[in-house]
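Q: I have a model open and want to go through parts of it. Can we start with a sheet and then move to a helix?

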Amino acid sequence: MVNNKLFSFYNQLPNTWDEMYNHKEIVRQPYEKITNFLKNTSSDNLFKKEELAKQLFMIQGVTFTVYNDNEGIEKIFPFDIIPRIITATEWDKIERGIKQRITALNLFIKDIYHEQFIIKDGIIPANLVYSCPNFLREMKNVEVPHDIYTHIAGVDLIRNNDGEFYVLEDNLRTPSGVSYMLENREISKRIYPGILPQNQIRSVSNYPNILYKKLKELSDQATPNVVLLTPGIYNSAYYEHTTLARLMGIDLVEGSDLVVNDHFVYMKTTNGLKRVDVIYRRIDDDFLDPLEFNASSVLGVAGIMAAYRKGNVNIVNAPGTGIADDKAIYIYVPDMIKYYLNEEPILNNIKTYQLKNPDELEYVEKNITNLVIKKTDGSGGYGMLMGHEASEKEIEDYLKTVKKNPSNFIAQPILRLSTAPCCIDGILAPRCIDLRPFAISGRDGIEITPGGLTRVALKEGSLVVNSSQGGGSKDTWVIQ
């Protein structure tokens, strides 16, 4: 029985790239097999697949945390059962572009904390670096093991209405979401048991093995002890912390489980202290060491920075990497690529306005309904102003805040994020999406998991894909 109802109300958004249909409303070749499968799947079976996915997420405890929701903080992560599909050709460009970008960003971080050639040569203004809240003076002239700062990165991409992928932002501090990528694939295997092999979908399941291998390589010890440092159960990504620690077969620890003795880090065990060689930390710089940063922090470990400077422990990602994912620094990444690598960027930035520049601030004020304003150190979709959705009063109040410290804000055009089909109340409907591929850097280079996390703005008409703002996710298939 052909399920025509499923596709009957699919209305493409104007001036928007749709992942499944071209502008003539013909199904794109990569989506042909999945659409044929869906057309031959009854509405009842599709509903059962949706319910199975929800049950599996519930059983696995796949949750995230919302801190400002009065109904409770633990939420099951919304999952859409229709996969997002990327061709091998498209993926090749994405992969090359991310490797190029991560290489340049890593060189930038090393340069900023050492010789600062990029400042001396006038490529990036010194005041922009020194005023950045993520610039750590404590990292000045610190020798980082193997010169790797950005061990793990999540680069957010969007496809604009021209069909090209653009970099929305770089996540280099403690990027999250990889556990949802892994869980999405496991769910897909259950609800599409025959489709994945037919499409020759590239695997993502070896991510934990690759991560563990690269973490071990960072230590000179023959059998290094690797741990994952978590802020604890109330952190929004705690599910991810437990999942990765389990899949890598390493200990999940909190700050109270570690102690520094004679500039070495040890883990407390029932058999006494055990030396720790590599720490995959999921806490922010400010809470890492109460002796050097936030003195009231109970999440970190007193003296850990001294041990790090001595080279007795490796911290992943390196402290101070946040300087490179600040939204004001983002503007200069294409210049970094040209400066350090003598190459043209493979993936382009989105046009960005620096509000500390009076001319650009004036332009933004005049064109506010076509722009989004963001805090340079913001994340999670919080603290933004979407000009086309805001009231005159909201715009007025927000601009007053901006003018108090314009250097803390940037503005970008409101983009036409590409749409992908989502199963909404038994029919397919287009919803806006982005993509976060994950890159892992080690002594032998950079590896990128084929696909990554596709996030979905499940609310009709919304451009905000963050889970904390009502977004969800879907599996990402890179086909051969």
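A: An open sheet of three strands has the order 8-9-10, and the pairing is antiparallel. Strands are DSSP runs of E of at least two residues and helices are runs of H or I of at least four, numbered from the N terminus; two strands pair if DSSP finds at least two bridges between them.

Q: Which are the edge strands?
A: Strand 8 (258–261) and strand 10 (272–275), each of which pairs on one side only.

Q: What sort of model is this, and how are residues numbered?
A: It is a predicted model: local features need pLDDT of at least 70, side-chain atom pairs count only at pLDDT 80 or more, and totals for chains, interfaces and linings use all residues. Residues are numbered from 1 along each chain as its sequence is written, and side-chain values use heavy atoms, with hydrogens and water left out.

Q: How many bridges join strand 9 to strand 10?
A: Four, with strand 9 (residues 264–269) running antiparallel to strand 10. Lysine 274 in strand 10 is the bridge partner of methionine 267.

Q: Now helix 15. Which residues are buried?
A: Ile395, Tyr398, Leu399 and Val402 are buried in helix 15, where buried means under 20% relative accessible area, exposed over 50% and partly exposed in between (1.4 Å probe, protein chains only).

Q: Why are they on the same side?
A: Because they cover an arc of only 100° around the axis of helix 15, the arc being that of the directions from the helix axis to the C-beta atoms.

Q: And what is exposed on the other side?
A: Lys393 and Lys404 are exposed there.
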